[in-house]
Amino acid sequence: MRIAGVIERYRAFMPVQDNTRVISLNEGSTPLIQAYKLSAAIHPKLEIWLKYEGLNPTGSFKDRGMTMAITKAVEDGFKVVMCASTGNTSASAAAYAARAGIKCAVLIPEGKIALGKLSQAMVHGAKVIQIKGNFDEALTLVRQICSKYPICLVNSINPFRIEGQKSGAFEIVDAFDGVAPDFQAMPVGNAGNITAYWKGYKEYKAAGKAANLPRMLGFQAAGSAPIVLGHPVAEPMTYATAIRIGNPASWKTAEEARDESNGVIGMVTDHQIKEAYKLLARTEGVFVEPASAASVAGIIKLSQNGFFDNVEPLYGEMIRLVCILTGHGLKDPDSAIAAAEQPATLEPNEEAILEVLGMLEPAFA
Ligand code: F0G
């Protein structure tokens, strides 16, 4: 069976006409993986599922929104698209623009984007411009330029991005036969994705396709936590470069998602993110980029604070929680190598290898 992209699969919910030329890389339909060991390690009442968005065509959730944004840009006659990015948006925009046969320009903070993401924007032929500033400054410039010239802005302030990204919520509800999870946890950067998911859940419920709504849990990195602190952060810091954002464009709608859903937007330290990153890779075999691990770090923190102790599950015995794992680990190989034991370098000699493997230790004996 051919599995189509998100516009075709959820056409009734997408702003397209019958004759719209859809630009797609068959994004979406990402795995929803039950995390037994992680659940048991975090809280006895939690049933955690991982929505592995790193398996989208360019390795992040951005593709769900980019198919819609580029489809509309082409329909509206644009020949050039532009975005500011911490990396993933630029990778996705570059790929979809290539697919559409239009030009793409990306503004990225110099030295602060992961290697894989930079390589993607470059190989797809985008004009890549590094600025000596941060993401927030880059986005301000992109907004200014796109307001003056016939260039389509494809950051998540483009409403079509949100329309496409809401498909993630549809897939989760469909996977659970019309029931939304009790909670959904995700990292928050520019706050487009939390906005999109909440819109998706609400639309699905209004259409009679979801029985309930989840409580939304969003997590920022402590050095880049404007929504938690209640004010913009002029110089955002975090090793999770994807969410190194001090003044999110969709701030207000993120707060609405939190408040309407009786949810939480909290923050986690870089250390907590790193620990969750390693835990996911080693206990569940799921490799994500650091920012994606903020969702798992966040639920560990909430659990330690007793947050889930008195929660009544909507159905059954367990509290069902879906973690959105926004980007693939291969995006950021430097972080992976820094977080792990370095490989042994040996002569091509059997004994030396056996010694390193500890073949005489009980585990191998
Ligand atoms: N996770 C990853 C891997 C991301 O790349 C981003 C955002 C987020 C989470 C946060 O999503 O911004 O919708 O709240 N990356 C953007 C970019 C900013 O330019 O790639 P958000």
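Analyst: Let us begin with burial, where a residue counts as buried under 20% relative accessible area, exposed over 50% and partly exposed in between, with a 1.4 Å probe and protein chains only. Helices (H or I, at least four residues) and strands (E, at least two) are DSSP runs, numbered from the N terminus. In this predicted model, local features need pLDDT of at least 70 and side-chain atom pairs count only at pLDDT 80 or more, while totals for chains, interfaces and linings use all residues. Residues are numbered from 1 along each chain as its sequence is written, and side-chain values use heavy atoms, with hydrogens and water left out. With that settled, β8 is mostly covered, since six of its seven residues are buried.

User: How many residues of β7 are buried, and which residues lie on each of its faces?

Analyst: In β7, five of the five residues are buried, so this strand is largely enclosed by the rest of the structure. Phe183, Ala185 and Pro187 lie on one side and Gln184 and Met186 on the other, and all are buried, so that both faces are covered.

User: Which strands pair with β7, and in what sense do they run?

Analyst: Two strands pair if DSSP finds at least two bridges between them. By that rule β7 and β8 are joined by five bridges and run parallel, with Ala185 having Leu217 as its bridge partner in β8 and Pro187 standing opposite Phe219. From β7 the chain crosses through helix α9 (residues 192–206) to β8 in a right-handed β-α-β crossover; right-handed here says that, with the strands pointing away from the viewer, the path from the first strand over the helix to the second runs clockwise. Strand β7 is also joined to β10 by three bridges, again parallel, and there Phe183 has Leu321 as its bridge partner. Strand β8, in turn, pairs with β9 (residues 264–268) in the parallel sense over five bridges, where Gly218 stands opposite Ile265.

User: What is the order of the strands in the open sheet of four strands, and which are its edge strands?

Analyst: The order in that sheet is β5-β4-β3-β6, with parallel pairing. Its edge strands, β5 (127–131) and β6 (152–153), each pair on one side only. Between β3 (residues 80–84) and β6 there are two bridges in the parallel sense, and Met82 stands opposite Leu153.

User: How should I read a nonpolar core, and which residues have the most contacts inside the largest one?

Analyst: In soluble globular proteins, nonpolar side chains tend to be buried together. A nonpolar core is a set of buried Ala, Val, Leu, Ile, Met, Phe, Trp, Tyr and Cys residues joined through side-chain atoms within 4.5 Å. The largest here has 37 residues, and those with the most contacts inside it are Leu50, Leu217, Ile299, Phe308, Leu321 and Leu325. Among the elements that each supply at least two of its residues are β7 (183–187), β8 (215–221), α13 (293–304) and β10 (319–325), and α13 gives the most, with six residues. Apart from this core lies another of 31 residues, including Val16, Tyr197, Ala254 and Ile265.

User: What is Phe308 in contact with?

Analyst: Contact means heavy atoms within 4.5 Å. Leaving aside neighbours within four places in sequence, the contacts of Phe308 include His43, Phe183, Leu217, Ile299 and Leu321.

User: How are ring pairs classified, and how many aromatic pairs does a search of the whole structure find?

Analyst: Rings of Phe, Tyr and Trp (its six-membered ring) pair if their centres lie within 6.5 Å; planes under 30 degrees apart count as stacked, over 60 as edge-to-face and the rest as tilted. The search finds ten aromatic pairs. In one of them, Phe13 and Phe170 have ring centres 4.8 Å apart and planes at 50 degrees, so the pair is tilted. These two residues are 157 residues apart, with Phe170 in helix α8 (residues 167–175), and both are buried. For Phe307 and Phe308, the centres are 5.0 Å apart and the planes at 90 degrees, so that pair is edge-to-face. Phe307 is partly exposed, with a relative accessible area of 23%, whereas Phe308 counts as buried at 0%.
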